[in-house]
Each structure stands twice: as C-alpha cells, then as structure tokens.
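Hello,

Here is the structure I promised to pass on to you. Have a look at it first, and then read my notes below with the model open beside you.

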Amino acid sequence: MELCPCVKNILLLDFEGKRVASKYFCDDWPTNGAKEAFEKAVFNKTQKTNARSEVEVTMLENNIVVYKFVQDLHFFVTGGEEENEVILATVLQGFFDAVGLLLRGNVEKREALEYLDLILLCIDEIVDGGIILETDANVIVGKVASHSTVAEGLSEQTFSQALATAREHLARSLK
C-alpha cells in the first residue's frame with residue numbers, strides 16, 4: 001500500500017460523454033482508444049445519476065470514480081480501488097470549484113472550450129504525475145492566473161472583486 005494517495009485521471013466530459021479535457025497519470029489505459037473506451041464506460045455508468053448537488057462515488061473496472069455534474073459538463077476523478085474516496089472527492093471538489101472560479105460561475109461546455117488552456121493548467125496545478133499537489137480552488141486559480149498570459153479577465157479583477165467572486169461561488173457550492 002502506498003503512503004501517498006494517487007489519482008489515475010481527471011476527466012471533463014460534455015453531456016454526451018465526449019471529452020472536453022482529460023489528463024491521465026498512469027498506464028492503465030495505454031492507448032487513446034483505451035482511454036476513450038474508459039471515458040465512455042464512466043459516462044454510461046454515471047449518466048442516469050443526479051450528481052448535481054453532491055459528489056457521487058462509484059466503482060468501475062477496479063477503480064473508484066468520484067463525479068459531479070453542472071450544466072452540460074461532467075467532472076470525474078479516478079483513483080485505484082485502495083484509494084480513499086474522501087481524498088478523491090476533495091480533489092474533485094477542488095477541480096470543480098477552480099473551474100467555476102476560472103469561468104466566473106458560467107460553467108458550461110462553450111465557456112470551458114473557450115478557456116480550455118486555463119482548465120488544463122488547472123489540472124496541472126492540482127495533480128502532477130498522479131500525486132495530489134493542491135485542492136484549494138483559490139490557490140489553484142491564483143497559480144493558473146500567475147502562469148497564464150491569456151488570463152486577462154482574471155488579472156483585470158481587483159483583489160476585492162476576486163474575493164467577492166470566490167465568496168459567492170463558495171456560498172453557492174455550500175447550498
């Protein structure tokens with residue numbers, strides 16, 4: 001048993017199960033075809049659930065998958081069967097909240113595709129090589145904004161506006 005929790009992948013799929021963004025951190029799915037098949041299996045298993053208000057957990061192919069939906073996007077984090085669901089759910093919630101902050105609460109496929117580079121940077125700030133680095137959405141967004149030259153919208157915000165946006169998003173996620 002490893003001492004450090006590991007993430008196998010982070011997925012962002014649309015309402016049809018098509019890939020919007022994904023990052024794999026292990027060799028369990030060595031080809032793009034295997035990755036697409038896994039994504040389809042995850043989507044098919046979870047599409048009939050109502051994971052809009054809370055994080056849901058399921059097992060698939062000896063993996064723990066935690067997931068949450070908003071608008072037309074489906075967020076997934078996968079770990080091995082020995083991983084702690086609470087830790088995986090924390091990673092998922094951090095990713096979910098960071099994307100919400102980056103997209104200023106307008107979390108939908110069209111907006112996600114427009115800011116795909118920021119979402120991919122967000123994934124890189126959360127997990128590196130399967131090792132969890134950060135789960136606090138505000139820290140993640142701060143790091144993404146500092147690395148990104150295309151984050152004009154984020155850099156234009158004053159500190160108080162950014163804090164108000166973060167507070168509003170947190171209040172909505174707690175409801």
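Let me start with the cysteines. This is a predicted model, and in it Cys4 is partly exposed, with a relative accessible area of 34%. Cys6, in contrast, is buried, at 18%, because the limit for buried is under 20%. A disulfide needs the two sulfur atoms within 2.5 Å, so Cys6 is in no disulfide either. The count of disulfides comes to 0.

The side chain of Glu83 reaches the backbone nitrogen of Cys6 at 3.3 Å. You will find Glu83 in the loop between β5 (73–80) and α2. Which residues does Glu83 touch, if we leave aside its neighbours within four places in sequence? They are Pro5, Cys6, Ile64 and Leu88. Glu83 carries a charge and is buried, yet it has no salt bridge. The nearest side chain of opposite charge is that of Lys8, and it is 8.0 Å away, while a salt bridge calls for a distance within 4 Å.

Now follow the chain on into helix α2, which covers residues 85–102. Its N-terminal end is capped by Asn84, with a side-chain oxygen 2.7 Å from the backbone nitrogen of Val86. Is α2 enclosed or open? Of its 18 residues, 13 are buried, so α2 is largely enclosed by the rest of the structure. Just after the helix, look for Arg104, which takes a positive phi of about 55°.

Finally, step back to the whole chain. How many helices and strands does it have? There are 7 helices and 7 strands, and along the sequence they come in the pattern β-β-α-β-β-β-α-α-α-β-β-α-α-α. The chain has 175 residues, and 44% of them count as buried. Among contacts between residues at least 6 apart in sequence, 52% join residues at least 24 apart.

Best wishes

How values were computed: Residues are numbered from 1 along each chain as its sequence is written. This is a predicted model: local features need pLDDT of at least 70, side-chain atom pairs count only at pLDDT 80 or more; totals for chains, interfaces and linings use all residues. Side-chain values use heavy atoms; hydrogens and water are left out. Helices (H or I, at least four residues) and strands (E, at least two) are DSSP runs, numbered from the N terminus. The expected span of a helix is 1.5 Å times one less than its number of residues. Buried means under 20% relative accessible area, exposed over 50%, partly exposed in between (1.4 Å probe, protein chains only). A polar contact is a pair of N or O atoms within 3.5 Å; within protein, one must be able to donate a hydrogen and the other to accept it, and residues adjacent in sequence count only if both atoms are side-chain atoms. Contact means heavy atoms within 4.5 Å.
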